[in-house]
Amino acid sequence: MKDRKRLRIEAECGKLPLLFASYADNGDHEALAALFTEDCIFARPFQPDFPFYGRDRVQAIFRDRPPILVRHIVTNVLVEVISETEAKGTNYLAMLSSHKSVEPPQEAGGLYVGGFEDHYVKTPEGWKFASRYGQVALHQGGAMPVIPPPTEQARGVGKGE
């Protein structure tokens, strides 16, 4: 593969984690879900053992959560091109949020630092996440959130597996 093509794939895939953070921060659940393939797998950093299956389930996570003021800071985006239609990558993520109001400025709860392992595929609509596995590595200023495990139905378990 020529360097120019490899660089273009790296740039296109490397933009996806940044768009994910922007759409999550701005509450655009439709645009966020469109970053994924229809049959994707997504594991949230706070619940890495409970992956969600399918673009519709990813959209539901963000559509159905209570309104929050949140900011994600994405760094160390690395993309490794596997072929002209497949790549994998990693990135670090820092997240701050407030559940008190959606109007800035707000005092944030804890600071959570982790990252994602991503698998990208080329589709007719462009590069998409085929899978996204998150984890929290460090946190400060607050306990880890206690989030009830999602139901298998909410996660799309059994649908197309």
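**Group meeting: a walk through the fold**

Read along the sequence, this chain goes α-α-β-β-α-β-β-β-β-α. That gives 4 helices and 6 strands. Keep in mind that this is a predicted model.

Start with overall dimensions. The C-alpha trace spans about 50 × 35 × 25 Å along its principal axes. How does the radius of gyration fit a compact globule? For 161 residues, such a globule would have a radius near 15 Å. The chain has 16 Å, so the two agree.

Next, the inside. Of the 161 residues, 41% are buried. Now look at contacts between residues at least 6 apart in sequence. Of these, 60% join residues at least 24 apart.

The accessible surface comes to about 9300 Å². Carbon and sulfur atoms account for 54% of that surface.

On to charge. The chain carries 19 positive and 21 negative charges.

Strand β3 covers residues 69–83, and β4 covers residues 86–98. They run antiparallel, with 12 bridges joining them. What connects β3 to β4? A hairpin does, through 2 residues. For a landmark, take threonine 75. Its bridge partner in β4 is tyrosine 92.

To recap: 4 helices, 6 strands, a radius of gyration that agrees with a compact globule, and an antiparallel β3–β4 pair joined by a hairpin.

Notes:
Residues numbered from 1 in each chain as written. Predicted model: local features only at pLDDT ≥ 70, side-chain atom pairs only at ≥ 80, totals over all residues. Heavy atoms only, no water. Rg over C-alpha atoms; globule rule 2.2 N^0.38 Å. Buried < 20%, exposed > 50% of the residue type's maximum accessible area, 1.4 Å probe, protein only. Contact = heavy atoms within 4.5 Å. Areas by Shrake-Rupley, 256 points an atom, 1.4 Å probe, with all protein chains shown as cover. Lys, Arg positive; Asp, Glu negative; His and termini not counted. Charge placed at Lys NZ, Arg CZ, Asp CG, Glu CD. Pairing = 2+ DSSP bridges.
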